[in-house]
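Subject: Structure handover

Hello,

Here is the structure I promised to pass on. Please open it first, then read my notes below.

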Amino acid sequence: MSGKGFELVKYRVWVKNQEKYGKELLLENVPFTKIYEHKGNTEFLLLSEKYKLKIRIECKWQQVAGSVDEKLPYLYLNTIEAMPENSIMILIDGLGWKTGAIKWLKDAVKQKKYTTEENKHKEILVFSLTDFFTWANKTFNQ
Amino acid sequence: MKNNELIELIENPDFIDYYSYKEDKWLQDANWEEKLIAVFGSIENAVNEFKKDDVFNSKINLK
């Protein structure tokens, strides 16, 4: 993303001295309070004044099969109920996902499963790495 | 690590949240060998426990 003009800064550094930084930022390790009211951390928050974007980016990778895919419903509920931003991107890739896991997530997003009047406006994007590069090229080459 | 330091660490809710974050990342990144050793102790144990427990009534053809 630095090639697209974004400065990579740790959220905890940025939040204390916001005036020192520009308006095109990719913040790292961005906190939020999870649905269980515990502290959570997301990989990135993309802030862009130029493109009018504020997108939390949650990265999920599964190298080999295991239990990570069983947490996707929890992640989804966190996106709609707990993450404060209106736009959230779930960047999900890797070879280890169980059959049906990513499909479930995409269907949940498409059908706005478990949303309420208060959060059904949220935009949740589910992207593979390839989808992400396509989106970034399209969005930032305007 | 001293025992009291360990107790202090695992009783700290912030550490548990941090641990959960790191554990999740480890689960995402670890390869088969790392996972099998962490969960079963060894690959041999993984084979033996899978045969012994047979929780899914699997067809097991492992020698």
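The notes below cover confidence, the interface and the helix packing.

**Confidence**

This is a predicted model. The predictor gives the complex an ipTM of 0.84. The pTM is 0.91. Chain B has an average pLDDT of 90. In that chain, 94% of the residues score at least 70. Among the elements of chain B, the lowest mean pLDDT, 92, belongs to helix α1 (residues 3–10) of chain B. The highest, 96, belongs to helix α3 (residues 32–40) of chain B.

**Where the chains meet**

Twelve residues of chain B are in contact with 16 residues of chain A. Between them, the two chains bury about 1,200 Å². Of that area, 42% is on carbon and sulfur atoms.

**Helix packing in chain B**

Start with helix α2 (residues 13–29) of chain B and α3(B). Their axes come within 8 Å and cross at roughly 130°. That angle makes α2(B) oblique to α3(B). On α2(B), the contact uses B:W26, B:L27 and B:D29. On α3(B), the partners are B:E34, B:K35 and B:A38. By class, this contact of α2(B) with α3(B) has three nonpolar and three charged residues, and no polar ones.

Next, take α3(B) with helix α4 (residues 43–53) of chain B. The two axes come within 8 Å and cross at roughly 65°. The two helices are therefore roughly perpendicular to each other. The crossing, as α3(B) passes α4(B), is left-handed. From α3(B), the contact is made by B:E33, B:L36 and B:F40. From α4(B), B:I43, B:N45, B:A46 and B:E49 take part. By class, the contact of α3(B) with α4(B) has four nonpolar residues, one polar and two charged.

**Helix packing in chain A**

One pair to look at here is helix α2 (residues 72–81) of chain A and helix α3 (residues 101–110) of chain A. Their axes come within 10 Å and cross at roughly 20°. So α2(A) is roughly parallel to α3(A). α2(A) passes α3(A) in a right-handed crossing. The α2(A) side of the contact is A:L72, A:P73 and A:Y76. The α3(A) side is A:A101, A:W104, A:L105, A:A108 and A:V109. What classes of residue make up the contact of α2(A) with α3(A)? Eight are nonpolar, with no polar and no charged residues.

Best wishes

Methods:
Residues numbered from 1 in each chain as written. Chains lettered and ligands numbered in written order. Predicted model: local features only at pLDDT ≥ 70, side-chain atom pairs only at ≥ 80, totals over all residues. Heavy atoms only, no water. pLDDT = per-residue confidence, 0-100. Helix = DSSP H or I, 4+ residues; strand = E, 2+ residues; numbered from the N terminus. Axes fitted to C-alpha atoms, helices over the stretch in contact; angles between N-to-C directions. Parallel < 35°, antiparallel > 145°, perpendicular 65-115°, else oblique. Left-handed = near helix turned anticlockwise from the far one by under 90°. Contact = heavy atoms within 4.5 Å. Nonpolar A, V, L, I, M, F, W, Y, C, P; charged D, E, K, R; others polar. Buried area = accessible area lost by both parts, 1.4 Å probe.
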